[in-house]
Amino acid sequence: MNIVLLGPPGSGKGTQAKIICSKYNLPHISTGDIFRANITNKTQLGLKVKEFIDAGLLVPDELTILVVKDRLGKEDCKNGFVLDGFPRVLSQAKALDEFAKIDKAIMIDAEDEVIIDRLSKRRICKNCSNPSHLDWLVNGKCEKCGGEVYIRDDDRPEIIRQRLLKQKLPQDVIDFYVSKGIFEKVNSFETKEKTFEEVDKILQKICK
């Protein structure tokens, strides 16, 4: 099955993507991972992407679409995939529709205040780079190695609010998938397991 996962940063869609891929043995495809892999392997696409990233610019729509199309053409995607964070705009959704048949577009949704609360409690270990959470720390230190932790600038409440505004999923993308009859919305619960229960109900219907 070919699944698109949508949702704001901090909604938990990345976590859900990993759980889906583990249970259904599907590749987890995210544009960030694809960009990094192409840059590391010094492919033609990767070199083009690197030019924009090094200049501090957003990777153009056309190039992002080419990178995703190339990735979905790989052998491991023949029996399905989970696309995480793509498409972000209507032009990308329409382009994707030309080279991949999407079975479901699932939006993992959460209220802004819930996301801000979650992300602002995230901490990173200075020693082992382990991403942690205030509730997981042991005596205020990394639960894995005991190292000092810090909060990333991106995880400060005022920055999170700006990111949510900038990265809000356009309504026309939602409308596009609604018109195709494949859009579903799942609220992000307190636990990833509870959220996945709701996601899996949708996936089970595809499998039948």
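Me: Which elements are included in what covers the buried residues of helix α6?
Reply: In this predicted model, helix α6 spans residues 112-120, and its buried residues are Ile115, Ile116, Leu119 and Ser120. Seen down the axis of α6, these buried residues fall within an arc of 115°, so they line one face of the helix. What covers the buried residues of α6 includes the strand β5 (122-125) and the helix α7 (157-166).

Me: Which residues of α3 are exposed on the other side from its buried ones?
Reply: The buried residues to start from in α3 are Leu45, Gly46 and Val49, and they cover an arc of only 90° around the axis, which puts them on the same side of α3. Their cover includes α2 and α4. On the other side of α3, the exposed residues are Gln44, Glu51 and Asp54.

Me: How do α2 and α4 lie to each other, roughly parallel or roughly perpendicular?
Reply: Two packed helices are described by the angle between their axes and the distance between the axes. For α2 (residues 31-40) and α4 (residues 61-72), the axes are 10 Å apart and the angle is about 85°. Angles of 65 to 115 degrees count as roughly perpendicular, and that makes the arrangement of α2 to α4 roughly perpendicular.

Me: How many residues of the contact of α2 with α4 are nonpolar?
Reply: From α2, the contact is made by Thr31, Ile34, Phe35 and Asn38, while α4 brings Thr64, Val67, Val68 and Arg71. When these residues are divided by kind, 3 are polar and 1 is charged, and the number that are nonpolar is 4.

Me: Which element gives the most residues to the largest nonpolar core?
Reply: The largest nonpolar core holds 31 residues, of which Val4, Leu6, Leu72, Phe81, Leu83, Leu96 and Tyr177 touch the most other members. Several elements each supply at least two residues of this core, among them β1 (2-6), β3 (81-84), α5 (90-99) and α8 (171-179). The element that gives the most, with 5 residues, is α4.

Me: Is Gln16 buried or exposed?
Reply: Gln16 lies in helix α1 (residues 13-24). Leaving aside its neighbours within four places in sequence, Gln16 is in contact with Leu5, Ile108, Lys192, Thr195, Phe196 and Val199. Buried means under 20% relative accessible area, and with a value of 2%, Gln16 is buried.

Me: What is the relative accessible area of Asn25?
Reply: Asn25 has its place in the loop between α1 and β2 (28-30), and its phi is near 55°, a positive value in a residue other than glycine. A residue counts as exposed over 50%, and Asn25 is exposed, with a relative accessible area of 71%.

Me: Where does Lys42 lie?
Reply: Lys42 is not a glycine, although it has a positive phi of about 55°. At 64% relative accessibility, Lys42 counts as exposed. Its place in the chain is the loop between α2 and α3.

Me: What is the omega of the cis peptide bond that joins Phe86 and Pro87?
Reply: Pro87 lies in the loop between β3 and α5, and Leu6 is in contact with Pro87, with Tyr177 and Phe183 also among the residues that Leu6 touches. The bond that joins Phe86 and Pro87 is a cis peptide bond, and its omega is about 5°.

Note on methods: Residues numbered from 1 in each chain as written. Predicted model: local features only at pLDDT ≥ 70, side-chain atom pairs only at ≥ 80, totals over all residues. Heavy atoms only, no water. Axes fitted to C-alpha atoms, helices over the stretch in contact; angles between N-to-C directions. Helix = DSSP H or I, 4+ residues; strand = E, 2+ residues; numbered from the N terminus. Parallel < 35°, antiparallel > 145°, perpendicular 65-115°, else oblique. Contact = heavy atoms within 4.5 Å. Nonpolar A, V, L, I, M, F, W, Y, C, P; charged D, E, K, R; others polar. Core = buried A, V, L, I, M, F, W, Y, C linked by side-chain atoms within 4.5 Å. Buried < 20%, exposed > 50% of the residue type's maximum accessible area, 1.4 Å probe, protein only. Arc of directions from axis to C-beta.
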